[in-house]
Number of protein chains: 2
Amino acid sequence: MPSPEPLKSGPITLRIVAEAAGVSISTASRALNGQAREYRISKATEEAVQRVAAELGFQPSQVARSLRLKRSGLVGVIVPDISNPFFSAIAREVSLGVEAAGYSVLLGDSREETTIEKRLVAQLQARQVEALLVCPVGLESQHLVQLDQSGLPVVVADRVFEDIQLSSVTSDNVAAGRIATQVLIDHGHRHFGVVSGVRESLPTRHRLQGIRQAMLANGLELDASSIAGDSYTNETGYQSTRELLGRHPEITALFAMCAPLAAGVLRALSDLGYAIPMQMSVVSIDDHPFAELMKTPLTAAAQNIEQLGRVAAEVLLERLKQKRAKDKTLSTGPGRGPVCHQVPASLLERASVAAPRPTSEF
Amino acid sequence: MPSPEPLKSGPITLRIVAEAAGVSISTASRALNGQAREYRISKATEEAVQRVAAELGFQPSQVARSLRLKRSGLVGVIVPDISNPFFSAIAREVSLGVEAAGYSVLLGDSREETTIEKRLVAQLQARQVEALLVCPVGLESQHLVQLDQSGLPVVVADRVFEDIQLSSVTSDNVAAGRIATQVLIDHGHRHFGVVSGVRESLPTRHRLQGIRQAMLANGLELDASSIAGDSYTNETGYQSTRELLGRHPEITALFAMCAPLAAGVLRALSDLGYAIPMQMSVVSIDDHPFAELMKTPLTAAAQNIEQLGRVAAEVLLERLKQKRAKDKTLSTGPGRGPVCHQVPASLLERASVAAPRPTSEF
DNA sequence: AGACTCCGCACAAACGTTTGTGCACGTGGA
DNA sequence: TCCACGTGCACAAACGTTTGTGCGGAGTCT
């Protein structure tokens with residue numbers, strides 16, 4: 001009779017496998033990690049171990065591996081709001097991308113608050129994530145830069161920073177602003193209202209810049225009083241619309257800087273009794289799956305979110321590769337410096353833009 | 001001169017802190033974990049350690065803790081598609097809920113495939129998650145049940161199973177089907193087309209059951225040929241609509257079983273030139289942020305997704321608490337058996353339902 | 001027959017924590 | 001003076017891996 005099965009019953013560890021196979025722990029480890037050849041484990045032993053492991057359903061403890069290997073196989077993903085389709089789309093692409101490379105993703109939701117973002121960063125760092133993808137709330141970057149310089153690869157997406165010392169991926173926001181504005185101009189609009197997101201954030205600034213470029217090229221100018229709003233929410237879209245229309249009755253077109261804002265704009269226009277596009281044209285940045293089913297299908301400069309997510313995943317994996325290489329060679333070179341990717345935006349012309357209504361003189 | 005700072009430069013470990021404070025590792029650990037009193041560490045030492053730790057920015061390695069404590073502080077969340085607003089809303093609530101309790105969430109996206117779901121489950125298990133929230137693809141439950149019985153708390157949400165041996169949280173799908181159908185009946189409809197999700201899935205079956213209940217109560221019956229579709233996608237919604245309308249010209253109302261299906265239905269009706277609700281009424285299960293901005297604001301029986309997510313988080317935390325208690329007492333009792341929560345659905349009457357068009361005899 | 005080599009594997013240290021136990025010192029009473 | 005006891009801390013084991021090194025035996029060569 002063999003040993004009477006001590007009934008340890010806990011999870012199957014390498015030691016259990018080794019004993020069952022009648023070899024030492026180290027041999028078992030090497031047999032299972034494909035290191036049989038280099039450590040001269042006989043074919044017979046190797047296969048025996050593998051068989052036993054399979055029979056017992058051995059699952060190596062990633063925790064123990066992480067401790068020993070000093071790599072957790074985890075990447076952190078921090079977004080301001082995972083229930084926002086924009087971020088969940090990014091999360092999805094990143095998740096698929098890094099999972100294919102054997103990593104798992106630790107998710108953090110910062111609820112649009114820098115404080116929480118910082119807390120999450122620290123938390124994920126303590127959990128030894130090997131890299132971090134952050135869609136920052138957008139106002140502070142110092143904590144991220146520090147982290148990156150301390151050796152934990154950080155890549156930021158979407159709400160990147162001005163003084164960019166971090167690898168980043170973002171849409172070509174200047175172009176997005178430009179092409180969306182151009183549509184309005186091409187239809188003959190001269191007086192725009194801009195419903196803006198957080199003012200200091202770089203995407204907002206870039207989009208404004210694009211808007212101004214297009215206007216300038218057509219001899220127009222955007223004055224500050226035609227801009228309203230300072231956040232990315234539906235409610236801001238609603239309020240800002242009423243504000244702008246009250247202030248500037250000559251406005252014939254509204255520019256919404258993101259999908260939730262656009263929803264608010266539409267809601268306000270509906271409440272105010274405007275017909276779109278007959279009495280008011282609307283363009284938006286950001287597409288939305290339901291955009292074409294709406295009362296008036298919305299013309300928009302769409303960010304290519306999937307592509308953005310995929311690129312983010314690539315950059316992340318690239319940085320991870322670099323890091324592993326560096327950790328091996330002990331070279332402490334500064335790396336190749338941050339890379340900044342921009343993915344193109346594209347125009348989706350639908351039905352929310354038309355020639356301006358005849359002015360009251362007519 | 002003190003020791004010339006060996007320039008270990010790696011991450012700050014407990015040992016570094018202990019040396020800097022001039023105490024042993026164990027003392028440092030206890031000082032930092034609030035165990036000073038019970039292990040008779042003097043107030044002075046305790047504070048010294050805490051000060052040094054703060055100065056050095058000590059962050060205990062969660063990996064090492066996990067190994068030693070045998071709890072990772074991680075919960076796994078597996079959804080079929082994180083970019084689907086329904087699941088991302090759930091993920092968000094769960095994330096917020098468990099984070100508040102000190103856990104982090106490991107995210108997995110099964111892409112609607114049982115194979116991937118299984119792989120993810122194994123992966124997360126290897127990473128020692130302490131509990132798992134799964135929104136199952138919906139066809140197989142055995143791997144989850146096994147896991148749960150092997151001691152890893154599993155709770156399933158949304159696409160639960162028939163032979164439910166797992167704690168679950170789901171909408172009251174029977175009621176959702178019933179109330180949405182009742183609206184149609186109240187408006188005078190007699191001939192419905194049902195655009196269905198995955199047939200064998202329990203939510204679908206429950207919703208159908210609700211539909212039938214409402215019809216039966218009004219002397220109507222639903223025959224199999226008035227049901228089309230077998231997945232939750234936009235495309236299925238589109239195809240099924242054309243199919244149903246071709247097969248049953250007498251249909252005056254369509255019932256879409258979820259938001260993406262509804263989008264497909266609307267798209268098809270638009271292509272076919274139907275005016276809603278004049279020529280065709282539409283109800284849906286699932287609300288959508290843009291629903292009221294659509295061409296015809298959609299009447300729907302809304303699941304309360306946030307509530308569902310919050311309840312899921314609660315159940316998860318409850319099971320975690322039970323587990324910790326059990327691990328302590330070594331009692332190996334079966335626990336209180338699975339609990340099944342249902343959150344109510346509520347009707348959102350908007351504009352997509354009207355009295356049926358006069359029949360052609362008129 | 002002895003030295004050398006290669007093969008096949010086991011030993012043990014290390015990763016960074018937590019925690020049961022033990023040791024030294026000091027103080028009090030008898 | 002001696003014992004008992006409380007105080008304040010250090011030692012060391014353990015969690016489950018990976019991996020550098022050591023060691024015995026079989027074979028080969030001289």
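The model is a predicted one, in which local features need pLDDT of at least 70, side-chain atom pairs count only at pLDDT 80 or more, and totals for chains, interfaces and linings use all residues. Residues are numbered from 1 along each chain as its sequence is written, chains are lettered from A and ligands numbered from 1 in the order in which they are written, and side-chain values use heavy atoms, with hydrogens and water left out.

**Contact between the chains**

- About 4,300 Å² is buried between chain B and chain A, with 62% of it on carbon and sulfur atoms; buried area is the accessible area (1.4 Å probe) that two parts lose on being put together, summed over both.
- Of the area that chain B buries against chain A, 16% comes from B:Arg127, B:Phe290 and B:Leu293, more than from any other three residues.

**Confidence**

- Chain A has a mean pLDDT of 90, and 93% of its residues reach 70 or more; pLDDT is the predictor's confidence in each residue, from 0 to 100.
- Residues 1-8 of chain A have a pLDDT below 50, and this stretch has one contact in the model beyond near neighbours in sequence.

**DNA strand C**

- DNA strand C is surrounded by 31 residues, the closest being A:Ser42, A:Thr45, B:Leu14, B:Arg30 and B:Arg68; a residue is near a strand or molecule if one of its heavy atoms lies within 4 Å of it.
- Of the atoms of DNA strand C that come within 4 Å of the protein, 51% belong to sugar and phosphate.
- A base oxygen of DNA strand C lies 2.9 Å from a polar side-chain atom of A:Arg40.
- Two or more residues of the surface near DNA strand C come from each of α2 (25-32) and α4 (62-69) of chain A and α2 (25-32) and α4 (62-69) of chain B. Helices (H or I, at least four residues) and strands (E, at least two) are DSSP runs, numbered from the N terminus.
- The surface near DNA strand C has eleven nonpolar, twelve polar and eight charged residues. Ala, Val, Leu, Ile, Met, Phe, Trp, Tyr, Cys and Pro count as nonpolar, Asp, Glu, Lys and Arg as charged, and the others, Gly among them, as polar.

**DNA strand D**

- Around DNA strand D there are 31 residues, and the closest are A:Leu14, A:Arg30, A:Arg68, B:Ser42 and B:Thr45.
- Sugar and phosphate make up 52% of the atoms of DNA strand D that come within 4 Å of the protein.
- A phosphate oxygen of DNA strand D lies 2.8 Å from a polar side-chain atom of A:Ser29.
- For A:Arg65, a side-chain N or O atom is 2.9 Å from a phosphate oxygen of DNA strand D; for B:Thr45, the distance from such an atom to a phosphate oxygen is 2.4 Å.
- At least two residues of the surface near DNA strand D come from each of α2 and α4 of chain A and α2 and α4 of chain B.
- Eleven nonpolar, twelve polar and eight charged residues form the surface near DNA strand D.

**Two glutamates**

- A:Glu292 sits in the loop between β9 (281-285) and β10 (299-303) of chain A.
- The relative accessible area of A:Glu292 is 42%, so this residue is partly exposed; buried means under 20% relative accessible area, exposed over 50%, and partly exposed in between (1.4 Å probe, protein chains only).
- Not counting residues up to four places away in sequence, A:Glu292 touches A:Pro297, A:Arg350 and B:Arg267.
- B:Glu93 is placed in helix α5 (residues 85-100) of chain B and counts as buried, at 14% relative accessibility.
- Apart from neighbours within four places in sequence, B:Glu93 contacts B:Glu306, B:Gly309, B:Arg310 and B:Ala313.

**Backbone geometry**

- Most residues other than glycine have a negative phi, and most peptide bonds are trans.
- The peptide bond from A:Ile276 to A:Pro277 is cis, with omega near 5°, and A:Pro277 lies in the loop between α11 (259-272) and β9 of chain A.
- In chain B, a cis peptide bond with omega of about 5° joins B:Ile276 and B:Pro277.
- A:Asp286, not a glycine, has a positive phi of about 90°; A:Asp286 is in the loop between β9 and β10 of chain A and is buried, at 10% relative accessible area.

Key: Contact means heavy atoms within 4.5 Å. A polar contact is a pair of N or O atoms within 3.5 Å; within protein, one must be able to donate a hydrogen and the other to accept it, and residues adjacent in sequence count only if both atoms are side-chain atoms.
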